[in-house]
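Me: I would like to learn how to read a few features of a structure. Could you take me through them one at a time?

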Amino acid sequence: MLLAAALDGAGHHPAAGRVAGPGADRPFDPFDAGAWARAAVLADRAPLDLVTVEDTFGAARARPDAALVAARVAPLTRRVGLVPVVTTTHTEPFHVASALATLDHISRGRAGWQPRISARAVEADLVGARPAPTAAEAFADAVDGVEAVRRLWDSWEDDAIIKDLATGRFVDRDRLHYVDFAGGTFTVKGPSIVPRPPQGQPVVAVLAHVPPADDLAARGADLVFVTPEPEAGAVRRRADEVRAAEAAAGRAGEPLRVVADLAVVLDATAGGAAARRDRLDEVAGAEWRTDAAVFAGTPGDLADLLAAGPGWGLAGWRLRPAVTEHDLPLVADVVAAALRPGASDAGDGADLTLRSRLGLPRPASRYAGSGP
Amino acid sequence: MSAAGDRPRKPVILAAHFPGVNNTTVWADPEAGSQIDFSSFEHLARTAERGRFDFFFLAEGLRLREQGGRIYDLDVVGRPDTMTVLSALAAVTTHLGLAGTLNATFHEPYELARQLATLDHLSGGRAGWNVVTSSDAFTGENFRRGGYLDHADRYARAEDVIRAAVRMWDAVPAGADAPAPFAYAGRHVDIRGRFGVPRSPQRHPVVLQAGDSDPGRELAAATADAIFSRHSRPDRARAFYADVKGRLARYGRAPDELKIIPATTFALGDTPGEAAERAAHIRRQQVSPQTAILQLEQVWNRDLSAYDPDGPLPDVDPDVSAPPIIQGRARMWADPMATAAEWRARAEARHLSIRELVIEVTGRQTFIGTPAQVADAVDDFVQSDAADGIILIPHLTPAGLDDFVDRVVPLLQERGAVRGEYETTTLREHLGLPPASPVARDRTGRGSATA
């Protein structure tokens, strides 16, 4: 069963930035590399299969660039997949493809990408006087963006670098390919500036609440994050919707890995967890309501709940720590150990790519053997 | 020291350039390693930090070069994304500045400012940005906006991008965790909103500029902290240095507030003879027979594949009417007819083949000699006002800087030309720059006094 954590600076609870973690004298600082390094190393030690790093294009709150955070912790980790949010609406697919291919090279095959649209008018204002797209337009553009990025990742065949002394050629240019992508609103010529990433195709993961997001996931993603109530009926209904979206999109090959999101407030006792949640809500001035269900309880009870997931049609879970420095250690050290005893042994899985952790084969380039 | 007179000696700025995608980088050497593996970047960065260098430098690629309509395949092809590598290098270094090229035409200023401020936080104040401009439709084919910019407007766009970035870096948060409102209205950049990265350790990451034309020099004088110069020949370097430093007063800046740092190369040996031999060997590696023909094509601007690299120069003239044969890099030769005539005369006088000629007229190492000779030459280069420091481009990945750090740097340290230990933490401090960008200090725009 896949186990992931969604990292968002101090944590997902609106009050997370105003409370210090256990033994700390100040809250997690999302602009302190050391804080990210500690979180990533915890996730790596467990190991969790992957961590996502939250981001938006426009600043809803103070956040560093997620792809750069992932790159900053990549040399400090060996096992955990690194999946930053990188937005699509106002960004260049060429740059996005280069950055994530580079993250895959740096992490030796542990990179992923969570694409996200940016449909707010205030976000369009950040790139100049242009009208904000509708959500439908932004999703259509994201489908194009993911396809363009995937083509760029394939634009170098794996063996394109030949270093042939006899002819003086560094590359065989017949194994480099123009992608000639033409979407609804943009074109990309290619090839990529970056040689093919170790995974061939880094993992693409989409958070989906609405049908256009299901469609984006079905067309372009390997993995989809969903947010049903954590019980059999709701999860199965949501998984069925994902399968229907796959059928509607004519998806072939590997099915989407369906991963359910769950926000977590953990403590040694159920009463302690409820008290933590109440205190956080009190600091925030409102009860925590978010798109995912909120679990407040012990790590043991959480592990029991998560263990039921595969029977409900889930590939796994992504947990959103309410307070990174409090809840992530419990997820990484206690919940992960309960679900997968022995997995944290030193050296285990250090050579696995993120794709192989997810049971995804390494795809050949779509252009392989197609000639010049 | 020669031209320095009674002035205090200048500290020599040292930077390490990761070997790039041109024929300076020798990939065919048995010692040549990967151009992509992170271990290569880590090795060079750690070596530079061991030598107490000011910064590491990484160039950017936005389109693979083509010659004659086909991807150029004789040099290193492909490289990783600049910012992603710099951020990862922040994890394996502690003091070394981390600078890279980010094109002002094909990046959005909001994204640039956000990424640079993020890198500055994640590196503890070590971020640097080399602003380059381009307007070619060839590169634009990889981007949403295409080749949208007039050639004449590229520096105006760059200036707007730099000023907009400083505006965002200076934006004041409305409260804890509340992104800072900003607006910038220029001819090329008209944006507004909230900037979600709080003030970074340097506040303004160091801005380098690489333009060499008159508007490029003027932009640097107005907005840059340092210039990545192409002038390494002492006479031309001194002329460039004097010209650019002379422009600073107009912007209320002192001469030492803009650092001039040319790209340079080197070859070392135990004796002068051995160094010369090594330099010649590297040059032959850099100019393969095939490379010699393609380099000549860049001047002649026509297909010369029928010519023998070991034979005489072509008797036909350059084709000055055809579109440029090479795409994806700046033109290296301003006057092809004059260059061709000069090269022909030179080859005829000394019976040089095409390859021998190309070896002689392109890319000779800046510094050739024993470690002591090179240390002398580097220090003299700086003290004689040819530069404020050098950006070293090794010819080998990843170990091409090892010898320089092991053998030349200790001599420079002995004479006090470079630091023996890091005494400062940010790149801005390493370089001895004022604490803020000239754009922020020059609040009323061009021609005003420093605040």
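Me: What percentage of the 372 residues in chain A is made up of buried residues?

Reply: A residue is called buried if 20 or more other C-beta atoms lie within 10 Å of its own. In this predicted model, buried residues make up 59% of the 372 residues in chain A. For chain B, the share is 54% of 451 residues.

Me: What does the radius of gyration of chain A say about a compact globule?

Reply: The idea is to set the value beside the one that a compact globule with that number of residues would have. For the 372 residues of chain A that value is near 21 Å, and chain A has 21 Å, so the two agree. Along the principal axes, the C-alpha trace of chain A spans about 70 × 50 × 40 Å. Chain B, with 451 residues, has 22 Å where a compact globule would be near 22 Å, so there is agreement here too. The box filled by the C-alpha atoms of chain B is roughly 70 × 50 × 40 Å.

Me: How many helices and strands are there in chain A, and how many has chain B?

Reply: Chain A contains 11 helices and 13 strands. Chain B contains 15 helices and 15 strands.

Me: At what angle do helix α1 and helix α2 of chain A pack?

Reply: An angle of 65 to 115 degrees counts as roughly perpendicular, and one under 35 as roughly parallel. Helix α1 (residues 33–45) and helix α2 (residues 66–73) of chain A pack at about 65°, with their axes 9 Å apart. α1(A) and α2(A) are therefore roughly perpendicular to each other. Their crossing is right-handed. On the α1(A) side the contact is made by A:A33, A:W36, A:A37 and A:A40, and on the α2(A) side by A:V69, A:R72 and A:V73. By class, the residues of this contact are 6 nonpolar, no polar and 1 charged.

Me: Is the packing of α2(A) with α3(A) roughly parallel or roughly perpendicular?

Reply: α2(A) packs with helix α3 (residues 93–106) of chain A at an angle of about 15°, the axes being 10 Å apart. α2(A) and α3(A) are therefore roughly parallel to each other. The crossing of α2(A) and α3(A) is left-handed. Here A:A67, A:A70 and A:A71 in α2(A) meet A:A99, A:L103 and A:I106 in α3(A). The contact of α2(A) with α3(A) has 6 nonpolar residues, no polar and no charged.

Me: Which residues make the contact of α5(A) with α6(A)?

Reply: Start with the geometry. Helix α5 (residues 135–154) and helix α6 (residues 211–220) of chain A pack at about 10°, with their axes 10 Å apart. That makes α5(A) roughly parallel to α6(A). α5(A) contributes A:A135, A:A136, A:F139, A:A142, A:V143, A:V146 and A:E147, while α6(A) contributes A:P212, A:A213, A:L216, A:R219 and A:G220. The residues of this contact divide into 9 nonpolar, 1 polar and 2 charged.

Me: Which residues of helix α11 of chain B are buried?

Reply: In helix α11 (residues 354–361) of chain B they are B:I354, B:R355, B:L357, B:V358 and B:I359. These buried residues pack against α8 (272–286), α9 and α10 (336–350) of chain B. Just after α11(B), B:G363 takes a positive phi of about 60°.

Me: How many residues does the contact take from chain B and from chain A?

Reply: The contact takes 54 residues from chain B and 50 residues from chain A. On the side of chain B that touches chain A, β4 (70–71), α2 (82–89), α3 (109–122), β8 (190–195) and α9 (289–300) of chain B each supply at least two residues. α3(B) gives the largest share of that side, 8 residues. By class, that side of chain B has 26 nonpolar, 13 polar and 15 charged residues.

Note on methods
Residues numbered from 1 in each chain as written. Chains lettered and ligands numbered in written order. Predicted model: local features only at pLDDT ≥ 70, side-chain atom pairs only at ≥ 80, totals over all residues. Axes fitted to C-alpha atoms, helices over the stretch in contact; angles between N-to-C directions. Helix = DSSP H or I, 4+ residues; strand = E, 2+ residues; numbered from the N terminus. Parallel < 35°, antiparallel > 145°, perpendicular 65-115°, else oblique. Left-handed = near helix turned anticlockwise from the far one by under 90°. Contact = placed C-beta atoms within 7 Å. Nonpolar A, V, L, I, M, F, W, Y, C, P; charged D, E, K, R; others polar. Rg over C-alpha atoms; globule rule 2.2 N^0.38 Å. Buried ≥ 20, exposed ≤ 12 C-beta atoms within 10 Å, placed from the backbone.
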